[in-house]
Structures are given as C-alpha cells and as structure tokens.
Amino acid sequence: QVQLVESGGGLVQAGGSLRLSCAASRTIFRISSMGWYRQAPGKQRELDASITTRGSTNYADSVKGRFTISRDNAKNTVYLQMNSLKLEDTAVYYCNGGILGNYWGKGTLVTVSS
C-alpha cells in the first residue's frame, strides 16, 4: 500500500522556520521524484519544490532562497526546510510522489502569524 505521511506543520511567527517531513512508502520513494505543494484557502494547489531521485531540485520563484527540499533515501523521507516564513506562506502543505505524480499525502497545516 502506497502511503505518504506528512508531519511538522504548526503555528510559527513571521520570520521563523519550520521543517516538514514526508515519510513515503519505499515502493514509490526509490523510483520517483518527490514534491511539496501548498494550497492556501481559496487558491489552487501549487508546487513549491521538487527533488528527483538523483537529488536535483526545483523551486517556485516565491520560495527560492528560503525553502530547501532534501531527501533521505535510507529513511524514505523527503523534507522541506522553510526559513524566513511569511504570512503568505500560510497553507496546507502536501507531499507528492509516484511516477505519474499521482500519490498525495493528507497534508499538514502551516500557519504563519504576525
């Protein structure tokens, strides 16, 4: 059974940091790129960052220089280190994986307060 389980969300003040984790089933983690998406209230889900199996990364312009995606292949886990958080980063963050990008976690809420 394929599973993606996010953790690490919470309430943080603007300018602060959080690290999100996504524990993935080994069956998909080993063969697919992984990504972090966000969905803010009333908005569409959008990609923040992705990482290939070889470690190549890609970031949305809005998070470049602030967020870092990484993966630990021994733990089948992908991380999103979020620094210098802004109010507009408030959203539910979803982990994504699979060859077709068709597997999703349930999401973890990040709330940035002033």
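The model is predicted, so local features need pLDDT of at least 70 and side-chain atom pairs count only at pLDDT 80 or more, while totals for chains, interfaces and linings use all residues. Residues are numbered from 1 along each chain as its sequence is written, and side-chain values use heavy atoms, leaving out hydrogens and water.

**Stop one: Asp48.** Select Asp48, in strand E5 (residues 46-51); strands are DSSP runs of at least two residues, numbered from the N terminus. Asp48 is buried, at a relative accessible area of 1% (buried is under 20%, exposed over 50%, partly exposed in between, with a 1.4 Å probe and protein chains only). Now show Arg38: its side chain makes a polar contact of 3.0 Å with that of Asp48 (a pair of N or O atoms within 3.5 Å, one able to donate a hydrogen and the other to accept it; residues adjacent in sequence count only if both atoms are side-chain atoms).

**Stop two: the aromatic cluster.** Select Tyr37, Tyr94 and Trp104, which form one aromatic cluster. Rings pair if their centres lie within 6.5 Å; planes under 30 degrees apart count as stacked, over 60 as edge-to-face and the rest as tilted. Tyr37 and Trp104 have ring centres 4.8 Å apart and planes at 65°, so they sit edge-to-face. That pair links strand E4 (residues 34-39) to strand E10, 67 residues apart. Trp104 is partly exposed, at 36% relative accessible area. Tyr94 and Trp104 are edge-to-face too, with centres 6.5 Å apart and planes at 85°. Tyr94 is buried, at 13%.

**Stop three: Ile99.** Finish at Ile99, in the loop between strand E9 (91-97) and strand E10 (103-104). Ile99 is exposed, with a relative accessible area of 62%.

Notes. Helix = DSSP H or I, 4+ residues; strand = E, 2+ residues; numbered from the N terminus. Phe/Tyr/Trp six-rings, centres within 6.5 Å; stacked < 30°, edge-to-face > 60°.
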